[in-house]
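Student: I would like to go through the labels used for this model and check each against its cut-off. Please start with a helix.

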Amino acid sequence: MSRFNSPYNKELNDKIGDLSQNISDRGKEVKSLIVKPLYVETFASMGRYGVGTPSGVANYTGGNFVCTISGNAGDKFVTVKSGTVADGGGIWTAVIQDDNKNCYMNKVLSISGNTFQLIDPLPVSITNGKIGNLHDSPQGLHYTELGYFAFAQHIYKTNPKYTERQINDKQFLGTDSSSFWNLTTSWSSYNNVTNIDNSTDNTIAKYGRAGLVLNLASASHAAELTYDAKEKGYIELFVSSKNVATLDYLKDGVVVKTIEINSILKRITLDFDYSESVKVRIYDVNSSGTAINSLRISNTTIWLNRANLPDKLIDKNDKVVYIGDSWGVYHNKATTRELERLMTADGGTPIVLNYSRAGHSTNYALDGFEEYVLNNKPDKVIIEYYCNDFASIKGADLGTFTAVDSTQKSLNVTSLTQYLKNMKKMIDMAIKNGIQPIIIMASVTDAMNRSQEFSDIISSIWLGETLTKNTVETTNVIAKQIKQAGSTKYGNSLELITTEENASARQGVVMDTDKNITGGSLFTVKNNGTVKYKINPSGRPIIPDTQITPQYGTQTPNSGNRGIFYIFDGQGGTTKVDDELRIVIQKADGTYVTKKIQLID
């Protein structure tokens, strides 16, 4: 008998195997304690140049209008070497690819001969690059192939430091009238319903629904915020300006970064470290006092870095599972093809798996998460869902999907709460199994109206109130302040909205609902389990035990107050007489009369 096949060697191999598995399981437990979900911003990066497609986009398969170009760093135009320049008319959001296949976002403003005029200067010189549109069609929900390449690069190159959104120390909302922003000039609140500015240069003018508008007439007019850091973290702010303005970032009184602000929305992230005193100052570059600028400041958050962050969001040798909707499917899975190319170009040997399904929602992803993600044991999982889920929340019918157990299940997501629960469950399952979850935040599509509808949801998620916090499921809640997601009402003026899904046994408080209410009690007040008051589906109150106020004068009998009874005070309280109890009834001939109820002592 060979010693390799001996019973002793088998026993030893089994013990080694058990030990290895135990070490692996312990490793997962340790990793689950330090791994946190990471969130990739897209609204003010992929969406920062707004909407718009070339005039001739319909002439190209999949909307892929592409020209070969050259240009010099710093120029605000590119020269077309090949391609139909005339089809690139209008104002549109562009993707520019340099000689090394790096992608940059920009906006085409016009055509001049064989050049495209851009809103922002080229960051690098190009001799044989490409320019194409980001959005694949007017009012479309998708990108072009080049657009998804840019999308993949944005994910791959995102700094993990700016993806941690678990804990914030301070937060300014666009609707705040006072905050840690110190305003040294006049200001007003910008809070109209349109969140995308489709005027002069067709850009996004602000983030979310609201922001402050500051009139900067000189360098002495500014917006400032100061912060004394006790931990490591970063300041995140969304800002744009009608004319050019300047942002200075100071640490301990010294300017360490200067950023130009223009009409293109910027998400700006500014680092701080332990015990640093930092200041952000935004002011007009024109100090003559003749120019009136319009600076828009939206949500500003001070985030704290507490997670054990990786050096790169995605390592070149990672095994990655991408699960999403059609953004992971379009143009032959362009997003994951580009991710794999980037990882390989960096010298890695990656494995990238894609389980996306067009038209699907988080219901599909949650149902198949164990099979598609956990069983593949990836290092990272990229979770990308919003278009279909948000459309479903707004009332679209997504239909059904074939679940892992071969049954048909609904794709419809009925509320933001359900969407967040689905996401939270996937995040928790990934972390429990030692897998780093990467969540792609919602972006703007060319469907401007839909993007505006989604802005409340996007804003709510970005405020850190959602994916990073557990859902409270208890009957005993003590809080100093309660804020309903998507509402501006707090505390005593809290607006409560609830709906029941079971129409045949509906019971509870319903203050506002878009459901068709049938069956059961809608509004019920109980005292120690005994129903004291309720309203049935017709809206009529049912009062088993109540007290009514005396009425002076006869109540007009009609169908509206049929069955109403009341105390009749014939003298209005001026002279003491016996009260009468009266009721409105319907007679056989259809008329309504008031009758006195005889009381027997």
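Tutor: In helix 2, the buried residues are Leu-146, Gly-147, Tyr-148, Phe-149, Ala-150, Phe-151, Ala-152, Gln-153, Ile-155 and Tyr-156. Buried means under 20% relative accessible area, exposed over 50%, and partly exposed in between (1.4 Å probe, protein chains only). The model is predicted, with local features needing pLDDT of at least 70 and side-chain atom pairs pLDDT 80 or more, while totals for chains, interfaces and linings use all residues. Residues are numbered from 1 along each chain as its sequence is written, and side-chain values use heavy atoms, without hydrogens and water.

Student: What makes helix 2 mostly covered?

Tutor: Ten of the 13 residues of helix 2 are buried. Helices (H or I, at least four residues) and strands (E, at least two) are DSSP runs, numbered from the N terminus.

Student: How do you know that the span of helix 2 agrees with what it should be?

Tutor: The expected span is 1.5 Å times one less than the number of residues. For the 13 residues of helix 2 (residues 145-157) that gives 18 Å, and the end C-alpha atoms are 18 Å apart, so the two agree.

Student: Why does Met-46 count as buried?

Tutor: Its relative accessibility is 2%, so Met-46 counts as buried. Met-46 lies in the loop between strand 1 (38-40) and strand 2 (66-71).

Student: What does Met-46 touch, leaving out residues up to four places away in sequence?

Tutor: With contact meaning heavy atoms within 4.5 Å, Met-46 touches Met-105, Leu-134, Tyr-143, Gly-147, Ala-150, Phe-151, His-154 and Ser-443. The C-alpha atoms of Met-46 and Phe-151 are separated by 7.0 Å, although the two are 105 residues apart along the chain.

Student: Is Thr-269 buried or exposed, and why?

Tutor: Thr-269 has 16% relative accessibility, so it counts as buried. Thr-269 belongs to strand 16 (residues 266-272). Beyond residues up to four places away in sequence, Thr-269 touches Tyr-162, Tyr-234, Ile-235 and Lys-257.

Student: Why is Leu-599 given its accessibility label?

Tutor: At 56% relative accessibility, Leu-599 counts as exposed. Leu-599 sits in the segment after strand 30 (592-597).

Student: How confident is the predictor in the protein chain?

Tutor: On pLDDT, the predictor's confidence in each residue from 0 to 100, the protein chain averages 78, and 66% of the residues score at least 70. Over residues 189-215 the pLDDT is below 50, and this stretch has 114 contacts in the model beyond near neighbours in sequence. Residues 463-484 also have a pLDDT below 50, with 38 contacts beyond near neighbours in sequence.
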